[in-house]
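Here is a short briefing for a reader new to this structure. Please look over the sequence and the model before reading on.

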Amino acid sequence: MDRELKREIIVDNYQNPFHKGLVNDNSYVKANTNNESCIDNIDIELKIEDGIIKDANFDGEACAISTSATSIFLRKIIGKSLKEVETLITNYENLIEEREYDQDLLEDLMAYDTIYLQPNRKKCALLPVETIKKILSKIKDDDNGDKGIK
């Protein structure tokens, strides 16, 4: 992916983010994450039924990297199983941390493949993943109860 395409993907997802705005419905599981070193502060809510992400939304105030990464990530996880989401998270974290990853799985998230050149921006790129991991942890802590899982 060339530099101009990466920029276009990031800018488009920042200016026109996917599923921005929360539903605030009890059928969603919600979590918040903020970046202590900057203004980034996002809420993500996921609607999960039968182990599948049926819907995903976010809101908050964040930089172009956090907002665009959240937009792209939510678009990618809708319709995926929790296991597929965990695999995507692992590959994306590996991309950001310069470890081995599956490029084909990441698609538009490859726009962040040079984020390591700006180490202070890694946290921005990982903010949505951190928040989604909190939600997945809440679901697991719920003893496989019915909160968000039907």
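**Starting point: Ile 115**

Ile 115 sits in the loop between α4 and α5. Helices (H or I, at least four residues) and strands (E, at least two) are DSSP runs, numbered from the N terminus. The model is predicted: local features need pLDDT of at least 70, side-chain atom pairs count only at pLDDT 80 or more, and totals for chains, interfaces and linings use all residues. Residues are numbered from 1 along each chain as its sequence is written, and side-chain values use heavy atoms, with hydrogens and water left out.

- Ile 115 has a relative accessible area of 8%, so it counts as buried. Buried means under 20% relative accessible area, exposed over 50%, and partly exposed in between (1.4 Å probe, protein chains only).
- Setting aside neighbours within four places in sequence, Ile 115 is in contact with Ile 65, Ile 96, Arg 121, Lys 122 and Ala 125. Contact means heavy atoms within 4.5 Å.
- Ala 125 and Ile 115 are ten residues apart in sequence, and their C-alpha atoms are 7.9 Å apart in space.

**The sheet**

- Three strands make an open sheet, in the order β1-β2-β3, with antiparallel pairing. Two strands pair if DSSP finds at least two bridges between them.
- The edge strands are β1 (29-34) and β3, each pairing on one side only.
- On average, neighbouring strands of this sheet are turned by 20° against each other, direction ignored. Axes are lines fitted to C-alpha atoms, for helices over the stretch in contact, and angles run from 0 to 180 degrees between N-to-C directions.
- Six bridges join β1 to β2. Thr 33 has Ile 42 in β2 as its bridge partner, and Val 29 stands opposite Leu 46 in β2.
- The hairpin from β1 to β2 passes through six residues.
- Nine bridges join β2 to β3. Ile 48 has Ile 53 in β3 as its bridge partner.
- The hairpin of β2 and β3 has two residues between the strands, and Asp 50 there takes a positive phi near 55°.
- Val 29, Ala 31 and Thr 33 form the covered face of β1. Lys 30, Asn 32 and Asn 34 form its uncovered face.
- Helix α5 lies across β1 and β2, running at about 145° to β1.

**Helix α3**

- Helix α3 (residues 82-96) has 15 residues, which at 1.5 Å a residue should span 21 Å; its end C-alpha atoms are 21 Å apart, so the two agree. The expected span is 1.5 Å times one less than the number of residues.
- The buried residues of α3 are Leu 82, Val 85, Leu 88, Ile 89, Asn 91, Tyr 92, Glu 93, Asn 94, Leu 95 and Ile 96.
- Their cover includes β2 (41-49), β3 (52-61), α2 (64-77), α4 (103-106) and α5 (122-141).
- Just after α3, Glu 98 takes a positive phi of about 60°.

**Helices α1 and α2**

- Helix α1 (residues 3-15) packs on α2 at an angle of about 85°, with their axes 8 Å apart.
- The two helices α1 and α2 are therefore roughly perpendicular to each other. Angles under 35 degrees count as roughly parallel, over 145 as roughly antiparallel, 65 to 115 as roughly perpendicular and the rest as oblique.
- From α1, Ile 9, Ile 10, Asn 13 and Tyr 14 take part. They meet Ala 64, Ile 65, Thr 67, Ser 68, Ser 71, Ile 72 and Arg 75 in α2.
- By class, this contact of α1 with α2 has six nonpolar, four polar and one charged residues. Ala, Val, Leu, Ile, Met, Phe, Trp, Tyr, Cys and Pro count as nonpolar, Asp, Glu, Lys and Arg as charged, and the others, Gly among them, as polar.

**Loop residues**

- Ile 78 lies in the loop between α2 and α3. Its relative accessibility is 26%, so Ile 78 counts as partly exposed.
- Not counting residues up to four places away in sequence, Ile 78 touches Phe 18, His 19, Ile 53, Lys 54, Asp 55 and Ala 56.
- His 19 belongs to the loop between α1 and β1. At 28% relative accessibility, His 19 is partly exposed.
- Most residues other than glycine have a negative phi. His 19 has a positive phi, near 55°.
- Glu 107, in the loop between α4 and α5, also has a positive phi, of about 50°. Its relative accessible area is 49%, so Glu 107 is partly exposed.
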